[in-house]
Amino acid sequence: MAYLAYQRSVCATCGTRAAEWDESQGGDRFAYVAEPYRCVGCEVIEMEREHIPDGPDARGLKIGLRPREAS
């Protein structure tokens, strides 16, 4: 239960918890520095997404990654 509560306290987007930013809870408003980075896996998924047409045929369509088969 404690682990579930911890998971719920973590932001799904940035991976931090509100307490880390809140000075009244021992955090720091500038606890982290944002820096851009590229995830090649996300880039490949976005490139594939460009080939999916809009409309009913695209509803619910997900794009995932799988290892390339050895040649």
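With which side chain does the side chain of Asp-22 make a polar contact at 2.7 Å? The partner is the side chain of Ser-24, where a polar contact is a pair of N or O atoms within 3.5 Å; within protein, one atom must be able to donate a hydrogen and the other to accept it, and residues adjacent in sequence count only if both atoms are side-chain atoms. The structure is a predicted model, in which local features need pLDDT of at least 70 and side-chain atom pairs count only at pLDDT 80 or more, while totals for chains, interfaces and linings use all residues. Residues are numbered from 1 along each chain as its sequence is written, and side-chain values use heavy atoms, with hydrogens and water left out.

Confidence is expressed as pLDDT, the predictor's confidence in each residue, from 0 to 100. The protein chain averages a pLDDT of 93, and 99% of the residues score at least 70. Helices (H or I, at least four residues) and strands (E, at least two) are DSSP runs, numbered from the N terminus.

Asp-22 is located in the loop between α2 and α3. A second polar contact links the side chain of Asp-22 to the side chain of Gln-25, at 2.9 Å. With 28% relative accessibility, Asp-22 counts as partly exposed; buried means under 20% relative accessible area, exposed over 50%, and partly exposed in between (1.4 Å probe, protein chains only).

Thr-16 occupies the loop between α1 (2-9) and α2 (18-21). This residue is buried, at 9% relative accessibility. A polar contact of 2.9 Å joins the side chains of Thr-16 and Trp-21. When residues up to four places away in sequence are not counted, Thr-16 touches Ser-9, Val-10, Cys-11, Trp-21 and Tyr-32, contact meaning heavy atoms within 4.5 Å.

A search of the whole structure finds one aromatic pair. This pair is formed by Trp-21 and Tyr-32 and is tilted, with 5.4 Å centre to centre and 45 degrees between the planes. Because Trp-21 lies in helix α2 and Tyr-32 in the loop between α2 and α3 (40-49), the pair ties together parts that are 11 residues apart in sequence. Rings of Phe, Tyr and Trp (its six-membered ring) pair if their centres lie within 6.5 Å; planes under 30 degrees apart count as stacked, over 60 as edge-to-face and the rest as tilted. Trp-21 is partly exposed at 28% relative accessibility, and Tyr-32 is partly exposed at 42%. Elsewhere, the charged end of Arg-29 sits over the ring of Phe-30, 5.7 Å from its centre; the criterion is NZ of Lys or CZ of Arg within 6 Å of the ring centre and within 35 degrees of the ring normal.

The search for disulfides, defined as pairs of cysteine sulfur atoms within 2.5 Å, finds zero in the whole structure. Cys-11 is in no disulfide, and the nearest cysteine sulfur, that of Cys-14, is 3.8 Å away. Cys-39 is likewise in no disulfide, with the sulfur of Cys-42 as the nearest cysteine sulfur, 3.6 Å away. The relative accessible area is 33% for Cys-11, which is partly exposed, and 36% for Cys-39, which is partly exposed.

Gln-7 is found in helix α1 and is partly exposed, with a relative accessible area of 42%. Gln-7 and Ala-70 are separated by 63 residues in sequence and by 37 Å in space, C-alpha to C-alpha.
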